[in-house]
Amino acid sequence: MLAPMQGLTNDALRACYLERYYPDIVFTEFVRVHTQSRKRIARAELTEIAVHSSEFPLVVQLIGNSGLALAEAAKQVQDVGCHHLNLNLGCPYGRMTTGATGGELLREPEKLAELLTALRQSILGSFSIKCRAGYSDPRQLFELLPIYLDSGIDYLILHPRTVVQQYSGWADHDLTAEAASQTNLPIIANGDINSAATGQRLLQETEVSGLMLGRGALADPWLFQRIRGKLPGEVDEAQRRSDLFELLTDLLPRYLVKFCGERQALMKLKDFLNFIPDDCLQRDIGKLKRTMTAAGFSAVLESRFSR
Ligand SMILES: Cc1cc2nc3c(=O)[nH]c(=O)nc-3n(C[C@H](O)[C@H](O)[C@H](O)COP(=O)(O)O)c2cc1C
């Protein structure tokens, strides 16, 4: 699965990945569910969801805190044709003016149980959650697992850091392995799966049901195929350059259509470039980031990245 990433995994990027790089399932960025407005979901977000036309499942991720508002939002999403929903229980920055959302919901397990059970009843297709291991204690996961199982959710995506930890340290996949061996709920492993070897090890040595790739799939879009063993696990610098050339050459025209104007499209592409970690590419990535026009961006791509 391609992970939801706010500001990055918009519909244009998802279409590019689905057409070229073969994730099995893609997720929307989190969609805020408003408690006070009768329009539970902003019109622009609902439109973006509604135009999804791929045969591959799109999972719509909701973030919110009111059971009623979330159930109404789920109905709106299903009315425009998306039946697979996910609730964000991981975001460490998700607080809304109306209260705790995202990872903060883990602080009140009883309320969470009610929320999940009620939502399960109003969702026709699959209903999953994406969660951290716990709020501040990673072992909280083992108190939460029975609640998740009883609520009737279909699967859970586990990012085994705590909410308090945010993105520091490493995702602890010993915890993922322990959880997968203890529960009947399918667990999808997420967090720091940045190489084919890491992904393959998780699939072979633990009882997880699948993987979700975030930053690793931005840095190397072919990671899905590498983990499947359909492409070499390791790549050299020349290959990395040419992979990035192909990805950005495909994304640029999509972004020019999606975003209003060249400036905005380039800004979004530059946000994406922040997730390319290779030291050897940084000088040329810096050149791409300094371009001010689409033509300039293409020229640097052509001169520095094409074979
Ligand atoms: C820029 C950015 C935006 C993110 N936005 C979301 C989001 O909208 N919903 C969500 O559940 N997780 C979000 N995440 C978390 C990722 O989905 C994922 O759980 C996390 O990055 C760990 O996986 P990774 O190491 O494969 O990137 C975001 C992460 C990043 C880096």
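**View 1. The two domains of the predicted model.** The protein is divided into domain 1 (11-227) and domain 2 (237-305), with bounds that come from an automatic or database domain assignment. The C-alpha centres of domain 1 and domain 2 lie 28 Å apart. This is a predicted model, in which local features need pLDDT of at least 70 and side-chain atom pairs count only at pLDDT 80 or more, while totals for chains, interfaces and linings use all residues. Residues are numbered from 1 along each chain as its sequence is written.

**View 2. Where domain 1 touches domain 2.** Here 10 residues of domain 1 are in contact with 11 residues of domain 2, contact meaning that the C-beta atoms of two residues, placed from the backbone, lie within 7 Å. On the side of domain 1 that touches domain 2, the elements giving two or more residues are α1 (11-20) and α8 (215-219), where helices are DSSP runs (H or I, at least four residues) numbered from the N terminus. The largest share of this side, 5 residues, comes from α1.

**View 3. Helices α10 and α13.** The axes of helix α10 (residues 237-258) and helix α13 (residues 294-305) come within 10 Å and cross at roughly 165 degrees, the axes being lines fitted to C-alpha atoms over the stretch in contact, with angles that run from 0 to 180 degrees between N-to-C directions. That makes α10 roughly antiparallel to α13, a term used for angles over 145 degrees. Among the residues that meet are Phe245 and Leu248 in α10 and Phe297 and Leu301 in α13.

Technical notes. Parallel < 35°, antiparallel > 145°, perpendicular 65-115°, else oblique.
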